[in-house]
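Thanks, everyone, for making the time.

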Amino acid sequence: MAKNSVDTENLNIPNHVAIIMDGNGRWAKKRLLPRTAGHKKGAAVVEQIIEDAADLGIKYLTVYAFSTENWKRPKEEVDTLMDLLGNYLTNCIEKSEKNRVRIRVIGDKSALRKDLVDKIEELERISEQYDRITFTIALNYGSRDEMVRAMKKMAKEIENGDVKSEDIDEKKFEEYLDTKGMPDPDLLIRTSGEERLSNYLLWQLAYTEFYFTDVLWPDFNKEELINAIVKYNGRERRYGGIK
């Protein structure tokens, strides 16, 4: 699609877009570079996509940055990813204020370095007031792990008498999820040609439209984001068979 060929003012912009950022390693391999170079390039793309999404009117953007399974990758790669995250969080404080971006981090933070947890807590506190766009980072996140942690919290409250089993329904269960207070995604984008969810937001994606592209994440840009939204506009949104 040619650049600027779509009149975005006439598009129905999804309220919440979730992204599985895939292909950093393959992007680097094609260029005979180490995988870490792909992650660095991919991190730069994230910053630009936040701005592009906000400019288009997207109110929530959630990205899959590091899964519970990613700890199995080579130590050098994991260390690079954690260092990139630390640098990003440090820079985010100033940028979130300038661009009025609220930052949230979902996932099990207990396995993260203390300095990262401290930065996350500071950033979430400082950016809580901003409302241009909510940018959520799924970090050490796995949807099955999220639901197990949610059930443990719920079971504890039942044991303590704070919650009755007959009070539990979908709405109540969602209060225990990491995404509490966030709307479910309207559109899921996965890059690099893979077509699976990889344990990402399984509960939240129940009625989400999916868009898969062969574009590797480091090559993803505003035009590709608009392509996904155009495809989204061509779908008939249904919830349980009802438009």
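Before I describe any pair, one cut-off is needed: angles under 35 degrees count as roughly parallel. Please also keep in mind that this is a predicted model.

Let me begin with helix 2, residues 35-56, and helix 3, residues 75-99, which pack at an angle of about 20° with their axes 10 Å apart. The two helices are therefore roughly parallel to each other, and helix 2 passes helix 3 in a right-handed crossing. On the helix 2 side, the contact is made by Arg35, Thr36, His39, Lys40, Glu47, Ile50 and Glu51, while helix 3 contributes Glu76, Glu77, Thr80, Leu81, Leu84, Tyr88, Lys95 and Asn99. Sorted by class, that contact has 7 charged residues, with 4 polar and 4 nonpolar.

Now, how do the axes of helix 2 and helix 7 cross? Helix 7 covers residues 222-233, and its axis comes within 10 Å of that of helix 2, the two crossing at roughly 45°. Helix 2 and helix 7 are therefore oblique to each other, and here too the crossing is a right-handed one. In this contact, Ile49, Asp52, Ala53, Asp55 and Leu56 of helix 2 meet Lys222, Leu225, Ile226 and Ile229 of helix 7. By class, these residues divide into 6 nonpolar and 3 charged, with no polar ones.

To put the two side by side, helix 2 is roughly parallel to helix 3, whereas helix 2 and helix 7 are oblique.

Conventions: Residues are numbered from 1 along each chain as its sequence is written. This is a predicted model: local features need pLDDT of at least 70, side-chain atom pairs count only at pLDDT 80 or more; totals for chains, interfaces and linings use all residues. Side-chain values use heavy atoms; hydrogens and water are left out. Axes are lines fitted to C-alpha atoms, for helices over the stretch in contact, and angles run from 0 to 180 degrees between N-to-C directions. Helices (H or I, at least four residues) and strands (E, at least two) are DSSP runs, numbered from the N terminus. Angles under 35 degrees count as roughly parallel, over 145 as roughly antiparallel, 65 to 115 as roughly perpendicular and the rest as oblique. A crossing is left-handed if the near helix is turned anticlockwise from the far one by less than a right angle, and right-handed if clockwise. Contact means heavy atoms within 4.5 Å. Ala, Val, Leu, Ile, Met, Phe, Trp, Tyr, Cys and Pro count as nonpolar, Asp, Glu, Lys and Arg as charged, and the others, Gly among them, as polar.
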